[in-house]
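Please read the points below alongside the sequence and the model.

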Amino acid sequence: KKEEDIESYVLNLIRNYFRTTNKGGLGLESKLEDHGLDSLDSIELSMQIEEDLGYVISAETLPVLNKVKHYVNYIRHVERFKQEFKKSPLA
């Protein structure tokens with residue numbers, strides 16, 4: 001995936017999430033809590049990413065995914081790993 005595609009995917013995922021507030025103000029630096037989302041919402045968003053992209057997001061990773069850019073960076077790292085090693089990191 002291209003960098004812009006990853007950012008666009010994550011921004012759209014969170015904007016379209018039914019509990020997100022201030023959807024127009026959502027940006028890469030946005031904290032999920034500033035948009036009405038909590039740790040359970042983060043789990044649901046992560047599950048959607050897993051379903052959409054075929055990733056496995058470990059329970060240890062979830063607590064650090066509290067900004068939009070954290071999700072973007074996570075996807076970038078997984079994609080780079082897959083390109084370099086020809087497999088998913090947690091496969």
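How far apart are the end C-alpha atoms of helix α3, and what span should its 18 residues have?

1. This is a predicted model, in which local features need pLDDT of at least 70, side-chain atom pairs count only at pLDDT 80 or more, and totals for chains, interfaces and linings use all residues. Residues are numbered from 1 along each chain as its sequence is written, and side-chain values use heavy atoms, with hydrogens and water left out.

2. Helix α3 covers residues 68-85, and its end C-alpha atoms are 26 Å apart. The expected span is 1.5 Å times one less than the number of residues. Helices here are DSSP runs (H or I, at least four residues), numbered from the N terminus.

3. The buried residues of α3 are Val68, Tyr71, Val72, Tyr74, Ile75, Arg76, Val78 and Glu79. Buried means under 20% relative accessible area, exposed over 50%, and partly exposed in between (1.4 Å probe, protein chains only). These buried residues pack against α1 (3-16) and α2 (39-53), with contact meaning heavy atoms within 4.5 Å. An α-helix has 3.6 residues a turn, so residues three or four places apart point the same way.

4. Lys86 follows α3. Its phi is positive, about 60 degrees, although Lys86 is not a glycine. Lys86 counts as exposed because its relative accessibility is 70%.

5. Asn22, in the loop between α1 and α2, is a residue other than glycine with a positive phi, near 50 degrees. With 51% relative accessibility, Asn22 counts as exposed.

Notes. Helix = DSSP H or I, 4+ residues; strand = E, 2+ residues; numbered from the N terminus.
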